[in-house]
Amino acid sequence: MKLTVNLATRRPIDQTGLRRLRTILIVMACLWLVVILAAMAVVGWRHHSVTVKLSALRGQTSAETGAAGDSQALQDEVRKAEQILQRRSFRWSLILDHLEKTWVDGIQVRSIEPDFAKKTLAIKVLAKNDAVFRKYLGNLLKYDAYSQVLLLRQENVDIKDDAGRTLAVLSCEVRIQGAF
């Protein structure tokens, strides 16, 4: 039989330290509970005040909607706001992409004017000659994205280039329906 000796002693558990730790944790939990209850009370109070304000506002708006002139003015403002939003949401990149797909060499676009009420696009172009313009107009008519292409005006004009030379070109105005 062999004897073994353990010389290491066990440290006793510090009871006072454990009591202090337990007390600190209980106090912190109670403080946390108090903070949560206070936050719930504040949220409840705010909810009540918002509910009271909303009910007062509903009563006020129902009294105001009785006036026909005010509602007509409000509808006019809504229409104006919708027109502004429609103009702001207009996608030039889509329009220019469609025009680029119908492009012919010898055509110069002078102006592009969208008409938001009619959903049409007016384009003023200069063409080098009749053949170039006919080819461009043919491309516009064949393009599937455009429902209808109308030639509004066509005339021969003289313009001056950067060097001061006078050139005879064909000025045309085209209206495209279904462009956007």
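A residue counts as buried under 20% relative accessible area, as exposed over 50%, and as partly exposed in between. In this predicted model, K119 has a relative accessibility of 41% and is therefore partly exposed. K119 sits in the loop that links β1 (107–115) to β2 (120–127). Most residues other than glycine have a negative phi. Phi of K119 is positive, near 55 degrees, and K119 is not a glycine.

S111 belongs to β1. Its relative accessible area is 19%, so S111 is buried. Beyond its neighbours within four places in sequence, S111 is in contact with A122, I123 and K124.

β2 and β4 (166–177) pair in the antiparallel sense. Eight bridges join β2 and β4. Within β4, Q177 stands opposite T120. β4 also pairs with β3 (residues 148–160), again in an antiparallel arrangement. Here the number of bridges is twelve. One of the facing pairs is R153 with E173, the latter in β4. β3 and β4 form a hairpin with five residues between the strands. In this hairpin G164 takes a positive phi, near 90 degrees. In a regular strand the side chains alternate between the two faces of the sheet.

The largest nonpolar core has 20 residues. F133 and I176 have the most contacts inside this core. At least two core residues come from each of α3, β2, α4 and β4. α4 gives the most, with five residues. I176 touches several parts of the chain. Apart from neighbours within four places in sequence, the contacts of I176 include L99, L121, I123, L140, Y146 and V149. K119, T120 and Q148 are also in contact with I176.

Aromatic side chains were searched across the whole structure. Two aromatic pairs were found. In one of them, the ring centres of W103 and Y136 are 6.3 Å apart. The ring planes of W103 and Y136 stand at 75 degrees, so this pair is edge-to-face. W103 has a relative accessible area of 41%, so W103 is partly exposed.

Charged side chains complete the survey. Side chains of opposite charge can pair when their charged atoms come close. The whole structure holds five salt bridges. One of them joins D76 and R79, with the closest N and O atoms 2.6 Å apart. D76 and R79 are both in helix α2 (residues 68–88). They are three residues apart, about one turn of the helix. D76 is partly exposed because its relative accessible area is 30%. R79 is partly exposed because its relative accessibility is 42%.

A salt bridge also forms between R153 and E155, where the closest N and O atoms are 2.6 Å apart. R153 has a relative accessible area of 31% and so counts as partly exposed. E155 has a relative accessibility of 36% and so counts as partly exposed. D161 and R165 meet in a further salt bridge, at 2.8 Å from N to O. At 21% relative accessibility, D161 is partly exposed. R165 is exposed, because its relative accessible area is 54%. Salt bridges with shared partners join R153, E155 and E173 into one network. R153 and E173 are also bridge partners in the pairing with β4.

Notes: Residues numbered from 1 in each chain as written. Predicted model: local features only at pLDDT ≥ 70, side-chain atom pairs only at ≥ 80, totals over all residues. Heavy atoms only, no water. Helix = DSSP H or I, 4+ residues; strand = E, 2+ residues; numbered from the N terminus. Buried < 20%, exposed > 50% of the residue type's maximum accessible area, 1.4 Å probe, protein only. Contact = heavy atoms within 4.5 Å. Salt bridge = Lys/Arg side-chain N within 4 Å of Asp/Glu carboxyl O. Phe/Tyr/Trp six-rings, centres within 6.5 Å; stacked < 30°, edge-to-face > 60°. Core = buried A, V, L, I, M, F, W, Y, C linked by side-chain atoms within 4.5 Å. Pairing = 2+ DSSP bridges.
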